[in-house]
Amino acid sequence: MSSTSIKRALVAGAALLIATPALGLTFPFGAPAKAPAAQPSAGPAAASTAPANAPAQRPKPTKATPEQKAEAERLDPLGRAAFWAREVDIDPADNDARLKLAKALRALGRNEEAGAAADQVLVMQPNNYEALLESARAKVAGNQGFYAIDDAQRAAALQPNDWRPVSLLAVALSQSERDQEALAAHQKALALAPNNPATLTNLGMYYATHGDAAQAEPLLRKAADMPGAGAQERQNLALVLGLEGRFDEAERLERQDLPPAAVTNNLAYLHATTDTVRPHTWDSLRANQ
């Protein structure tokens with residue numbers, strides 16, 4: 001299991017404007033027609049010549065229709081990023097497009113630029129709830145949890161019954177090495193959403209990274225068995241089982257979601273890791289979160 005998988009587990013549900021190019025449409029045009037030769041006036045009173053034809057102007061780009069936007073959301077992250085960058089270029093005040101751009105950039109791993117896109121929305125709308133969440137997600141995904149704490153706390157204050165900002169806050173606090181506060185936030189998120197695969201996973205991975213497999217495994221197993229669970233929840237459970245030396249069960253879980261080569265690599269990593277003493281194993285897991 002790669003360190004990327006562990007990082008993603010810790011932001012489950014919670015899962016670029018460095019120089020994002022404006023992706024406007026281009027239109028083919030031929031060379032402008034040659035201006036007709038000026039004809040001298042027949043009389044002295046009309047000495048001026050006719051002006052040359054002005055060059056053709058490109059039509060102003062128009063915003064996408066609702067149908068086009070819905071279709072764009074079915075594209076891969078790169079396609080979505082290009083589409084929403086164009087929408088922002090056409091209408092810089094379109095905050096919904098900026099947020100969708102931020103999500104697409106985060107899916108590409110361009111976390112700094114994703115955070116910048118969300119933060120631009122917050123400049124215009126400081127209490128935009130979804131922008132606060134997206135800004136915090138981007139910072140947590142970039143392992144910059146300290147800088148996500150304020151966004152997550154502000155979002156939690158706006159909607160105190162939503163588990164998402166609380167779970168994000170827990171991960172941000174954990175990345176900031178504020179372990180007791182992180183544990184309390186994870187527990188609060190689970191209390192708000194006790195049957196949510198994300199809150200179960202996040203608390204389970206907190207215990208796993210602190211060497212407490214006894215508390216981690218039941219939470220991760222429950223998360224993997226929930227109706228809304230997917231590959232990430234199963235792979236988190238496989239990781240912890242593998243680190244406990246239970247390779248057969250870990251392999252069965254891995255093969256549900258991964259191709260054979262990836263399973264072979266992951267099992268080799270788990271065997272190599274568990275050859276060391278157990279405390280080092282859990283310390284290694286925490287270092288890679």
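**Helix packing and loop residues in a predicted model**

N143 is partly exposed, with a relative accessible area of 41%. Here buried means under 20% relative accessible area, exposed means over 50%, and partly exposed lies in between (1.4 Å probe, protein chains only). The model is predicted, so local features need pLDDT of at least 70 and side-chain atom pairs count only at pLDDT 80 or more, while totals for chains, interfaces and linings use all residues. Residues are numbered from 1 along each chain as its sequence is written, and side-chain values use heavy atoms, with hydrogens and water left out.

N143 sits in the loop between helix 6 and helix 7 (145-158). Helices (H or I, at least four residues) and strands (E, at least two) are DSSP runs, numbered from the N terminus. The phi angle of N143 is positive, at about 60°, although N143 is not a glycine. E177 also has a positive phi, near 65°, and is a residue other than glycine. E177 is placed in the loop between helix 8 (163-175) and helix 9 (179-192). With a relative accessible area of 68%, E177 is exposed.

Two packed helices are described by the angle between their axes and the distance between the axes. Axes are lines fitted to C-alpha atoms, for helices over the stretch in contact, and angles run from 0 to 180 degrees between N-to-C directions. Helix 6 and helix 7 pack at about 155°, and their axes are 8 Å apart. Helix 6 and helix 7 are therefore roughly antiparallel. Angles under 35 degrees count as roughly parallel, over 145 as roughly antiparallel, 65 to 115 as roughly perpendicular and the rest as oblique. The crossing of helix 6 and helix 7 is left-handed. A left-handed crossing has the near helix turned anticlockwise from the far one by less than a right angle; a right-handed one has it turned clockwise.

Helix 6 contributes Y129, L132, L133, S135, A136, K139 and V140 to this contact. Helix 7 meets them with G145, Y147, A148, D151, A152, R154, A155 and L158. Contact means heavy atoms within 4.5 Å. By class, ten of the residues in the contact of helix 6 with helix 7 are nonpolar, two are polar and three are charged. Ala, Val, Leu, Ile, Met, Phe, Trp, Tyr, Cys and Pro count as nonpolar, Asp, Glu, Lys and Arg as charged, and the others, Gly among them, as polar.

N127 lies in the loop between helix 5 (111-124) and helix 6 (129-141). N127 counts as exposed, at 57% relative accessibility. Beyond its neighbours within four places in sequence, N127 is in contact with R154 and L158. The C-alpha atoms of N127 and L158 are separated by 8.0 Å, although the two residues are 31 residues apart along the chain.

N95 belongs to helix 4 (residues 95-107). N95 is buried, with a relative accessible area of 9%. Its contacts, apart from neighbours within four places in sequence, are V121, M124 and Q125. The side chains of N95 and Q125 make a polar contact (3.5 Å). A polar contact is a pair of N or O atoms within 3.5 Å; within protein, one must be able to donate a hydrogen and the other to accept it, and residues adjacent in sequence count only if both atoms are side-chain atoms.

The axes of helix 10 (residues 197-209) and helix 11 (residues 213-225) come within 8 Å and cross at roughly 155°. Helix 10 and helix 11 are therefore roughly antiparallel to each other. Their crossing is left-handed. P197, L200, T201, L203, G204, M205, Y207 and A208 of helix 10 make the contact with Q215, A216, L219, L220, K222 and A223 of helix 11. These residues divide into ten nonpolar, three polar and one charged.

With helix 12 (residues 231-243), the axis of helix 10 comes within 11 Å and crosses at roughly 20°. Helix 10 and helix 12 are therefore roughly parallel to each other. This crossing is left-handed. P197, T201, M205 and A208 of helix 10 contact E233, N236, L239 and V240 of helix 12. Five of these residues are nonpolar, two polar and one charged.

Q187 lies in helix 9 and touches L203 and Y207, not counting residues up to four places away in sequence. Q187 is partly exposed, with a relative accessible area of 38%.
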